[in-house]
Amino acid sequence: MSNNGIQIPRRLPLLLTHEGVLLPGSTVRISVNTPRNMQLVKSRLLKGTSLKSTIIGVIPNTRDPDHDTDDLSPLHRYGHPASGVLLVLSTCLFTVLSIGTAGLAVQVVGSNWPKPHYTLLITGLCRFRVTALLNERPFPLAEVEQLDKLEQFSPSISLEETERDGELGALSQAFYTAALQLVDMLDMSVPVVAKLKRLLDSLPRETLPDVVASMIRSSNKEKLQVLDAVGLEERFRRALPLLTRQIEGLKLLQKSRKPRPDDERRVTERTRAPSGRQFSLDDEAGEEDGNDFQVLERKVHGVNMPEASLKVCLKELKRLKKMPQSMPDYSLTINYLDLMVELPWDRNTKDRLDIGAARVLLDNDHYAMDKLKRRVLEYLAVRQLKNTLKGPILCFVGPPGVGKTSVGRSIARTLGREFHRISLGGVCDQSDIRGHRRTYVGSMPGRIINGLKTVGVNNPVFLLDEVDKLGKSLQGDPAAALLEVLDPEQNHSFTDHYLNVAFDLSQVLFIATANSMATIPPALLDRMELLHVSGYTQEEKVEIAKRHLIPNQLEQHGLTSEHIQIPEDTTLDVIRSYTREAGVRSLERKIGALCRAVAVKVAEGQKVTEPKHESLDGSAQEARGQNTAAPPERPIVIDHVALKDILGAPPFEMEVSERLTLPGVALGLAWTPMGGEIMYVEASRMEGEGQLTLTGQLGDVMKESAHLAISWLRANAKNYQLTNMVGGPDPLDGTDIHLHFPAGAVTKDGPSAGVTIVTCLASLFSGRLVRSDVAMTGEITLRGLVLPVGGIKDKVLAAHRAGVKRVILPRRNEKDLEDIPANVRSQLDLVTAGNLEEVLNAAFDGGFARAAKAPENPRVTSKL
Ligand SMILES: Nc1ncnc2c1ncn2[C@@H]1O[C@H](COP(=O)(O)OP(=O)(O)OP(=O)(O)O)[C@@H](O)[C@H]1O
């Protein structure tokens with residue numbers, strides 16, 4: 001490379017860098033982050049348009065005085081003239097002549113994240129000496145003298161000079177020969193080596209010391225010595241030993257290693273790095289990050305990953321080797337490789353497949369849930385017989401707090417596998433599942449890969465919690481990403497965007513949970529086997545509390561049964577009056593509240609009795625004085641009074657019958673993702689023009705049910721002797737009707753309130769009271785038929801919880817009654833109805849319709 005024709009400006013802005021030494025003829029990447037250097041880049045390189053404005057002076061190994069409070073670097077102590085610049089800048093006196101390299105900024109790359117930062121690519125042109133410092137701020141500006149004279153670089157002159165000066169000629173010849181020898185030892189197929197060989201042939205010999213010293217392994221101090229050598233002879237003298245040492249080192253390396261085909265290439269590739277990091281030809285000890293590389297490299301080779309992944313890792317390792325540390329990509333690549341070596345490509349746990357033990361474990365962990373446990377055992381049994389079972393993915397659907405998540409955990413324990421829960425509620429970005437591409441800032445792998453990294457084995461149990469609450473957004477549909485994860489035919493080559501190589505998920509056991517299947521995307525639903533878990537009966541809840549919740553809570557609060565006792569009827573009281581839920585979560589919380597209250601008492605008692613080491617006897621009480629609390633008698637039994645003291649007044653005491661004291665009120669049953677619920681329907685009428693007003697946040701289907709109900713009643717008004725307010729035959733004549741569904745803030749929809757609306761309106765128009773202990777559900781048709789509805793078990797359990805005695809259900813739902821626990825069935829009068837007449841007969845005391853005149857058994861079916 002010749003700078004023939006380029007005369008550097010007399011005034012040069014100075015870039016002070018400690019990132020390496022720029023020698024004429026070499027190219028270095030320098031990161032810019034000190035204030036002075038930033039200023040220089042902004043006002044000279046980014047604004048200037050002429051070629052001259054891109055020439056700057058690079059003074060090596062000098063730190064920004066603003067930030068430099070350390071001792072001078074060793075180089076300064078060795079007395080390198082560059083120290084003069086430091087002195088100059090801090091004292092504003094210019095006394096020392098410093099040598100630097102004038103360089104051409106060929107590229108400026110900037111980023112603002114995480115903080116403003118530039119990287120310069122600078123090609124060294126020639127040496128200069130600072131003759132006067134003109135400015136210190138905003139960046140140093142100096143008057144300079146060009147040292148490498150232009151004519152010195154002309155090949156013809158250099159030839160003459162070589163001939164003239166025998167010693168210089170000999171030196172340059174020796175240097176040239178050594179450089180050739182070095183190139184011969186390297187792999188010519190590597191582009192940088194080929195380029196070096198070309199340069200050796202084409203460059204004037206005078207430039208060789210600089211060019212070669214910048215490419216071979218040499219410390220900054222050695223490079224500075226070459227830079228300081230203004231005289232050509234001196235420069236050859238200083239550079240030659242470096243070159244010889246390099247050759248010797250390479251020889252030694254080749255001898256000491258088993259010859260491997262990629263050896264030379266690997267070694268050589270480091271020479272390619274034209275950056276501030278100055279990689280060397282010798283890759284043995286001594287380099288700052290050498291160890292990191294080697295550790296990472298060893299790890300990559302040590303992990304038994306598929307060939308494709310290994311290839312990617314090796315490629316990334318290569319990239320890393322030639323990357324300057326200051327590049328943002330550097331740490332990203334390190335993170336990526338770290339993840340790759342940490343992933344459990346071949347680590348797994350051995351399955352414990354013992355159905356007997358599994359049954360015991362599942363029974364011990366969970367009370368009831370027989371259907372679910374049976375299916376899980378079947379699943380495990382098949383797995384025992386055929387280890388490579390593909391699918392199905394089990395999905396537990398049911399109200400909150402019924403133990404779906406904890407069954408998942410039990411399955412993992414039964415199998416002896418690791419357990420990992422991935423909560424999908426509210427996830428609306430598909431990169432949450434699949435990760436971000438590495439090109440994005442802040443990219444990371446998705447939850448599946450992260451989960452695998454966390455558990456450290458490739459066959460864990462993954463619980464995909466709340467699949468029904470997946471969202472959708474502009475960032476894509478996470479459900480679509482899950483399709484691939486859950487499909488046994490595809491998931492052996494699941495590709496996370498961040499990883500960008502396939503990972504085999506076929507050994508992972510996926511279990512999903514959901515509160516409602518209505519909102520699970522259909523394609524996802526298709527891949528899963530649904531197992532419904534409905535709410536518990538009161539008796540089951542009492543058992544669960546006794547066997548699991550109370551012991552768990554006692555343990556969590558540091559109590560034992562010596563401290564507290566919660567009798568069964570108290571538990572029942574809590575269930576009836578303090579909770580209204582399908583699951584047992586708030587029951588667990590209430591028991592927790594009881595435990596906390598007792599813990600306070602126990603702790604108080606302990607504190608007082610501690611000094612005397614006596615607990616409950618009378619003498620201790622005397623010794624405590626008057627202000628201290630009396631120690632609790634143990635165990636503290638939580639009776640009804642204590643319960644009220646601790647939990648306050650029961651929130652659910654209102655009896656159903658209290659609400660049904662006026663005509664025009666009926667009790668319906670609704671299904672929500674939280675389980676079954678009772679639902680009141682209220683109606684009133686007033687003078688008007690036959691308008692129907694509906695309130696209570698109703699959906700379209702429910703509004704239509706209301707219209708159906710009114711039409712049917714109007715059509716049958718004569719049969720049932722329904723009248724308007726003044727006794728006319730059309731109930732709507734001169735009358736406005738208002739139907740309201742309390743809990744007005746909750747949106748309601750669905751056809752199953754049809755029968756309830758009819759009953760409520762029949763009560764309003766007839767002026768008769770609906771039985772106070774009856775609840776109902778069923779869809780209606782215009783002709784008065786009652787159609788089946790869903791969620792029967794949950795609805796019946798809700799009615800039972802609310803103290804209802806009779807439940808009216810569609811006849812075609814009879815088959816669902818089998819699911820209802822026997823004790824609930826025996827306590828309820830379950831009436832099935834095929835048409836509305838049967839419903840009304842069952843809902844009113846003494847029957848409805850013509851039966852008002854001649855009372856019949858309400859359950860006798862109509863002849864209609
Ligand atoms: N049959 C049961 N036997 C013993 N404990 C139970 C049973 N059912 C629920 N539990 C307990 O109830 C608590 C709540 O259960 P869990 O968190 O598994 O509910 P969930 O159905 O997953 O709810 P969500 O849908 O809100 O996630 C847990 O502490 C669990 O141990």
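The model is predicted, and local features need pLDDT of at least 70, side-chain atom pairs count only at pLDDT 80 or more, and totals for chains, interfaces and linings use all residues. Residues are numbered from 1 along each chain as its sequence is written.

**Cores**

A nonpolar core here is a set of buried Ala, Val, Leu, Ile, Met, Phe, Trp, Tyr and Cys residues joined through C-beta atoms within 7 Å. A residue is buried if 20 or more other C-beta atoms lie within 10 Å of its own, exposed if 12 or fewer, and partly exposed in between, with C-beta atoms placed from the backbone. The largest nonpolar core has 140 residues, and C395, A709, L713, V758, L761, I808 and V839 have the most contacts inside it. Helix α28 (residues 754-766) gives the largest share of this core, eight residues. A second, separate core has 53 residues, including L14, A102, F128 and L186.

L713 touches V758, L761, A762 and F765, and also L722 and P731, leaving out residues up to four places away in sequence. Contact means that the C-beta atoms of two residues, placed from the backbone, lie within 7 Å.

**Two helices**

Helices (H or I, at least four residues) and strands (E, at least two) are DSSP runs, numbered from the N terminus.

α28 is mostly covered, with 13 of its 13 residues buried. In α12, C313, E316 and L320 are buried. They lie on the same side of α12 because they cover an arc of only 65 degrees around the axis, the arc being that of the directions from the helix axis to the C-beta atoms. The face turned away from the buried side of α12 carries the exposed residues E307, A308, K311 and K315.

**Annotated site**

An unreviewed UniProt entry lists G398, P399, P400, G401, V402, G403, K404 and T405 under "binding site"; such annotations may be inferred rather than shown by experiment. P399 lies in the loop between β7 (393-397) and α16 (404-415), and V402 is placed in the loop between β7 and α16. P399 counts as buried because it has 24 C-beta neighbours inside 10 Å. V402 is buried, with 28 other C-beta atoms within 10 Å.

Beyond four places in sequence, the contacts of P399 include N515, P673, M674 and G675. Those of V402, with the same exclusion, are V533, G535, Y536, A582 and G583.
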